[in-house]
Amino acid sequence: MTTHSEHRTHTWTVAPEPFTTPDATVLRRAYYAEVAGRYWKRSVTEAEIDQGLLDFPDDGLAPPTGQFVVGRLAGEPLACGGIRLLDPVTAELTRVYVDQRARGTGGGAALLEVLEAQARALGAERVQLDTRSDLVEARALYARHGYAEIPAYNSGPYAEHWFEKRLV
């Protein structure tokens with residue numbers, strides 16, 4: 001599924017793409033650099049990004065267990081996200097990232113629309129996610145799009161808030 005989302009004269013195209021493509025790899029590295037840098041309160045080195053991607057692999061983000069998507073604003077790859085099945089009816093949202101230069105242009109909403117459709121296509125009836133307290137933009141995005149805070153469903157080392165949205 002591909003979606004086109006227009007917001008404030010900006011046009012987003014979001015489509016499935018293997019997480020190993022050059023554009024997807026650049027976006028996954030940028031995602032990790034931002035979330036780790038905010039957590040550590042400093043810039044992250046390339047070696048730390050390499051290690052982080054090894055420690056938190058994206059291997060579940062491909063069919064038949066999941067999907068990775070890349071969002072392009074006016075053709076430029078500036079957003080990404082993934083969905084993976086936790087069980088036959090529960091999908092988990094992960095790696096949701098919009099480049100700072102494109103925030104406020106509808107990219108997050110465009111990502112969620114496609115990722116939720118991908119979750120439905122995988123048979124999911126609900127989407128869950130975890131995030132941290134300092135990722136305030138992400139928490140606001142999820143709340144705006146119908147995600148409600150739920151009790152912890154995992155014990156991830158960085159999970160501080162858990163959300164869920166029913167798809168059916």
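1. Helix H3 is followed by Gly123, a residue whose phi is positive, near 100°. This is a predicted model, in which local features need pLDDT of at least 70 and side-chain atom pairs count only at pLDDT 80 or more, while totals for chains, interfaces and linings use all residues. Residues are numbered from 1 along each chain as its sequence is written, and side-chain values use heavy atoms, with hydrogens and water left out. Helices (H or I, at least four residues) and strands (E, at least two) are DSSP runs, numbered from the N terminus.

2. Helix H3 itself covers residues 107-121, and its 15 residues reach 21 Å from the first C-alpha to the last, close to the 21 Å expected at 1.5 Å a residue; the expected span is 1.5 Å times one less than the number of residues.

3. On the E5 side, E4 and strand E5 (residues 90-98) run antiparallel and are joined by seven bridges. Arg84 stands opposite Glu92 in E5, and here too the two strands form a hairpin with two residues between them.

4. Aromatic contacts can be listed by a geometric rule: rings of Phe, Tyr and Trp (its six-membered ring) pair if their centres lie within 6.5 Å, with planes under 30 degrees apart counted as stacked, over 60 as edge-to-face and the rest as tilted. The count by this rule comes to four aromatic pairs. One of them is the tilted pair of Tyr142 and Phe163, at 6.1 Å centre to centre and with 50° between the planes. This pair links distant parts of the chain, since Tyr142 belongs to helix H4 (residues 136-144) and Phe163 to strand E8 (residues 161-166), 21 residues apart. Tyr142 counts as buried because its relative accessibility is 6%, and Phe163 counts as buried at 4%.

5. Tyr39, Phe56 and Tyr158 form one aromatic cluster. Together with Trp40, these residues also make up a nonpolar patch on the surface, with about 370 Å² of accessible area together. Patches are made of residues with over 30% relative accessible area and no salt bridge, like charges being joined within 9 Å and nonpolar side chains (Val, Leu, Ile, Met, Phe, Trp, Tyr) within 5 Å; accessible areas come from the Shrake-Rupley method with a 1.4 Å probe, and for residues only the protein chains shown count as cover. Phe56 lies in the loop between helix H2 (46-55) and E3, and with a relative accessible area of 36% Phe56 is partly exposed.

6. The structure holds 16 salt bridges, each being a side-chain nitrogen of Lys or Arg within 4 Å of a carboxyl oxygen of Asp or Glu. In one of them the side chains of Asp58 and Arg28 meet at 2.5 Å, N to O. This pair links distant parts of the chain, Asp58 being in the loop between H2 and E3 and Arg28 in helix H1, 30 residues apart, and both Asp58 and Arg28 are buried.

7. Within helix H1, Glu34 and Arg38 lie four residues apart, about one turn of the helix, and their side chains meet in a salt bridge of 3.1 Å, N to O. Glu34 counts as buried at 14% relative accessibility, whereas Arg38 is partly exposed at 25%.

8. Asp99 and Arg101 form a further salt bridge through their side chains, at 2.9 Å, N to O. Asp99 is buried, with a relative accessible area of 12%, while Arg101 is exposed, with 62%.

Terms used: Pairing = 2+ DSSP bridges. Buried < 20%, exposed > 50% of the residue type's maximum accessible area, 1.4 Å probe, protein only.
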